[in-house]
Structures are given as structure tokens and as C-alpha cells.
Amino acid sequence: MTSPAIYRRVVRRETHSSRSGIAIALAVLLIVVFAWFGVESVLAALGQPALLVSPKDAVVAALGAVSGPVGLLTAGGAVVAVIGLVLIVVSLAPGRKGRRGSVSERTASVVDDRVIAQSVAQTGAYAGDIDPDQVKVTVGKRTVDVDVTPTSGRAADVRSIEEAVNDELKSYDYSPSLRSRVRVSEKGTLS
Amino acid sequence: MTNTNRFLNRALVFVIGLVLLLAGGAVAVGALLPDVQKPVSQGADDATGPTSDALSGGQPWILWVVAAAALVLIVLLLWFIFRQGHGRTNTLLTVDSGEGRDKTTGGSLSVDAKVAEQVLEESLTRDPGIISVDVTAFEVKKQSVLRVTVQTRRGVSPVDIGATVDKAVAEWDALLGTQTPIVVQIVGGLRAQMSGTARVV
């Protein structure tokens with residue numbers, strides 16, 4: 001009883017952001033604004049003094065602002081437009097979470113990029129016979145950058161590091177798949 | 001794993017962004033063009049008198065309508081916030097009584113997700129590369145799915161962890177007598193950073 005459709009859905013959901021954080025933040029902001037509108041309206045309708053600004057004063061001020069200084073209006077409008085543009089980009093971008101998934105016959109799995117980076121660093125350090133702290137690994141969307149800082153006075157064995165890292169990456173079946181790039185820094189370190 | 005409607009989240013962000021972009025753009029561009037700016041500011045000046053009369057007691061129904069609309073929108077937004085993150089379930093499997101091989105002969109059977117949690121945690125934490133295990137059941141498309149979150153020690157190969165988990169899952173399947181979908185999450189986390197490497201040098 002395997003269920004590829006469910007696995008595809010779950011892997012997609014676990015590797016991409018739900019955008020619930022920003023959506024909830026915006027909803028809370030809107031609730032605060034609407035609550036204020038409502039309270040001010042009721043207070044004004046009952047003839048009570050306003051909390052901050054009465055609706056009448058607010059509308060008059062807004063209408064007056066239309067004929068305000070051009071520079072101020074343009075700057076304010078531009079800032080608001082840029083915030084809007086950022087929100088549109090956020091809503092359309094895929095929102096990858098720095099994880100990758102694979103679906104096997106029995107289970108689906110999702111792996112943190114950080115776990116992959118640490119594993120590759122360990123493999124490289126072991127193959128090159130250096131300390132794991134001398135290997136810095138960065139996992140991008142499709143590439144693994146391995147930066148090796150050799151021990152001073154000893155040549156780093158780049159070939160075997162490269163081979164070990166590639167073997168390790170070949171054993172993964174996570175998508176998107178990864179390619180390696182091994183670089184040796186020119187400065188050495190004391191160990 | 002939750003059943004949050006992600007399209008709605010993105011739709012809300014998109015609509016607010018579009019409103020801000022259009023409003024901000026209209027203000028910025030309109031203020032720069034004298035042909036637009038003059039009639040609009042003239043119109044705003046003319047409208048100031050009547051609107052302030054209406055809002056300061058002439059037409060109280062406007063204020064009540066605004067208040068009611070605000071209340072409706074607040075309720076909608078609260079529903080929007082509280083619908084997030086549902087989908088956990090406590091029951092992993094129910095077998096109803098009836099005829100056939102995959103039915104019970106008398107009474108119905110339900111297996112709690114806690115059973116899977118304890119069995120899988122017990123067998124997985126034996127692996128020295130695994131720091132902790134968390135098992136939660138979710139309901140995805142009317143089916144219970146187990147999510148096994150494995151926190152690994154630093155530098156452990158995710159493939160090795162995957163093999164360990166597969167073995168534990170096979171044992172669990174044999175114990176349960178049937179298969180439910182299982183999703184494995186392999187994460188590092190803060191404790192992995194602090195815990196040092198698994199290999200003894």
C-alpha cells in the first residue's frame with residue numbers, strides 16, 4: 001500500500017514554506033487597523049470623545065493631504081508601492097526551505113541541507129586526513145561548495161577529497177540533486 | 001504536513017501587496033503629474049465640507065456601516081488565522097468489523113499513534129548517530145501519515161540514517177500487520193551543532 005500522490009504532496013509541503021508567518025502577521029495588522037476603525041466609528045456615532053482621531057478629522061486630514069507638497073506625496077507613495085512589490089514577490093516566490101526530498105517505495109524522506117553539509121564535511125575531512133573544522137561546506141540549490149583550508153606545510157589531497165565527496169553525493173537520491181565543487185584555499189592553518 | 005490552505009496564505013499576501021503597490025504608485029505618479037494633481041486636489045477640497053458634515057452627525061448610519069464592516073472583516077481574518085496548522089491526529093489506524101481478511105470479526109479496532117511513536121523511538125534511538133526521534137501522526141487526504149523526525153549527530157550521513165529508519169519501519173510494519181504511509185524528516189538542529197561528531201578519531 002504505497003501512496004505516491006500523498007508522498008509527493010507531503011514532500012512538496014515539507015520542502016517549501018507555507019507563508020503562514022507573513023500571512024498571519026499581515027492579518028493581525030489588518031485586524032488591529034479594522035478594530036480601531038470600528039471603535040472610532042462607534043464612539044463617533046454615540047457622540048463620545050475619540051480614542052486617537054475621530055473619523056471626521058481623519059477623513060478631512062486625508063482629503064487635505066492630497067494637495068500637500070509634491071515631494072512628500074511622491075516619496076510616501078513610492079515607499080508604499082515598494083512594500084507592495086515586496087509582498088507580491090514573496091507571495092509568488094517558491095519559498096524553498098533549504099531541504100530536499102526523496103520518495104522511495106516504502107517511505108518518503110526529507111533531509112535538511114545542513115545535515116548534508118555536515119556529512120559532506122565529515123567525508124571530505126576523513127578522505128583528506130584533515131580536521132573537520134578545516135573543511136567548510138555550503139549547500140546551494142544544486143551545488144555543494146567545499147572549501148578546504150590545508151594544514152600549513154602539508155599539501156591537501158584534493159583528488160581524494162573530491163572523489164570521496166562525489167561518491168557521497170552519488171549515494172543520495174534527493175531532488176534537486178547536487179554537484180560538488182572543491183576549492184583549496186591558498187592560506188594554510190596551524191593544527 | 002498540516003492541511004493549511006497554502007494558496008489562501010499566498011493569495012492574502014498577494015492581494016495586500018497589489019493594493020499597496022497600486023495605491024502607492026497612484027499617489028506617487030499622480031503627485032508628479034500636474035494634470036492629475038490639480039483636479040484631484042480641487043475635488044478633495046470641494047468634498048471636505050460635505051464629508052465632514054456627514055461624519056459629524058449628519059449621517060450617523062455611515063459610521064454604523066463602517067463599524068459593522070470592520071467587525072465582519074475582523075471575524076474573517078480571525079478565521080483565517082485560526083485555520084492554520086490543523087491536521088494532527090491521534091489515531092493511526094482504525095479497522096472496522098466485518099467480513100474479509102482485513103476486517104475484525106467482532107468490534108472495531110483502533111491503533112493510537114502513540115504506539116507507533118514508542119515502538120519507533122525505541123528502535124531508532126539505539127543508533128548512535130541519532131540524538132532524538134519525534135513521531136507525530138497527521139491526516140493527509142483522509143489517510144493517517146506518520147511523520148518521523150530524526151535529529152542526527154553532526155557529520156552522520158543521511159543515507160546511513162535512512163537505512164536505519166527503513167529497517168525500523170520494516171520491523172514496525174511486521175508488528176502492525178499493515179502499512180501506513182511514513183515520512184522521514186532528517187534534521188540537524190541546535191543539539192546537533194553542540195553534540196560533536198560521531199566518529200572517534
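Q: What share of the 201 residues of chain B counts as buried, and what makes a residue buried?
A: Of the 201 residues of chain B, 41% count as buried, and for chain A the figure is 41% of 191 residues. Buried means a relative accessible area under 20%, exposed means over 50% and partly exposed lies in between, with a 1.4 Å probe and protein chains only. The model is predicted, with local features needing pLDDT of at least 70 and side-chain atom pairs counting only at pLDDT 80 or more, while totals for chains, interfaces and linings use all residues, and side-chain values use heavy atoms, leaving out hydrogens and water. Residues are numbered from 1 along each chain as its sequence is written, and chains are lettered from A and ligands numbered from 1 in the order in which they are written.

Q: Why is Arg83(B) called buried, and where does Arg83(B) lie?
A: The relative accessibility of Arg83(B) is 12%, and therefore Arg83(B) counts as buried. Arg83(B) belongs to the loop between helix H3 (60-82) and strand S1 (91-95) of chain B, where helices (H or I, at least four residues) and strands (E, at least two) are DSSP runs numbered from the N terminus.

Q: What does Arg83(B) touch beyond residues up to four places away in sequence?
A: With contact taken as heavy atoms within 4.5 Å, Arg83(B) touches Thr4(B), Asn5(B), Leu8(B) and Asn9(B). Thr4(B) is 79 residues away from Arg83(B) along the chain, yet their C-alpha atoms are separated by 6.9 Å.

Q: What makes the approach of Arg83(B) to Phe80(B) a polar contact?
A: A polar atom of the side chain of Arg83(B) lies 3.2 Å from the backbone oxygen of Phe80(B). The limit for a polar contact is a pair of N or O atoms within 3.5 Å, where within protein one must be able to donate a hydrogen and the other to accept it, and residues adjacent in sequence count only if both atoms are side-chain atoms.

Q: How do you know whether chain B is a compact globule or more spread out?
A: Chain B has 6 helices and 5 strands, in the order α-α-α-β-β-α-β-β-α-β-α along the sequence. Its radius of gyration is 30 Å, well over the 17 Å that the globule rule gives for 201 residues, so chain B is more spread out than a compact globule. The radius is taken over C-alpha atoms, and the rule is 2.2 Å times the number of residues to the power 0.38. Along its principal axes, the C-alpha trace of chain B spans about 80 × 60 × 25 Å.

Q: Why is His16(A) called buried, and what does the side chain of His16(A) reach?
A: The relative accessible area of His16(A) is 13%, and His16(A) is therefore buried. The side chain of His16(A) reaches the backbone oxygen of Arg12(A) at 3.1 Å, and the residue lies in the loop between helix H1 (4-15) and helix H2 (20-45) of chain A. Leaving aside neighbours within four places in sequence, His16(A) is in contact with Pro94(A), Gly95(A), Arg96(A), Lys97(A) and Arg6(B).

Q: Why does Lys97(A) count as partly exposed?
A: Lys97(A) has a relative accessibility of 41%, and so it counts as partly exposed. Lys97(A) sits in the loop between helix H4 (70-92) and strand S1 (99-103) of chain A.

Q: What makes the phi of Asp129(A) worth noting, and why is Asp129(A) called exposed?
A: Most residues other than glycine have a negative phi, and most peptide bonds are trans. Asp129(A) is not a glycine, but has a positive phi of about 55°. The relative accessible area of Asp129(A) is 56%, and Asp129(A) is therefore exposed.

Q: Which form does the peptide bond from Ser175(A) to Pro176(A) take, cis or trans?
A: The bond from Ser175(A) to Pro176(A) is cis, with omega near 0°, and Pro176(A) is in the loop between helix H6 (158-170) and strand S5 (179-184) of chain A.
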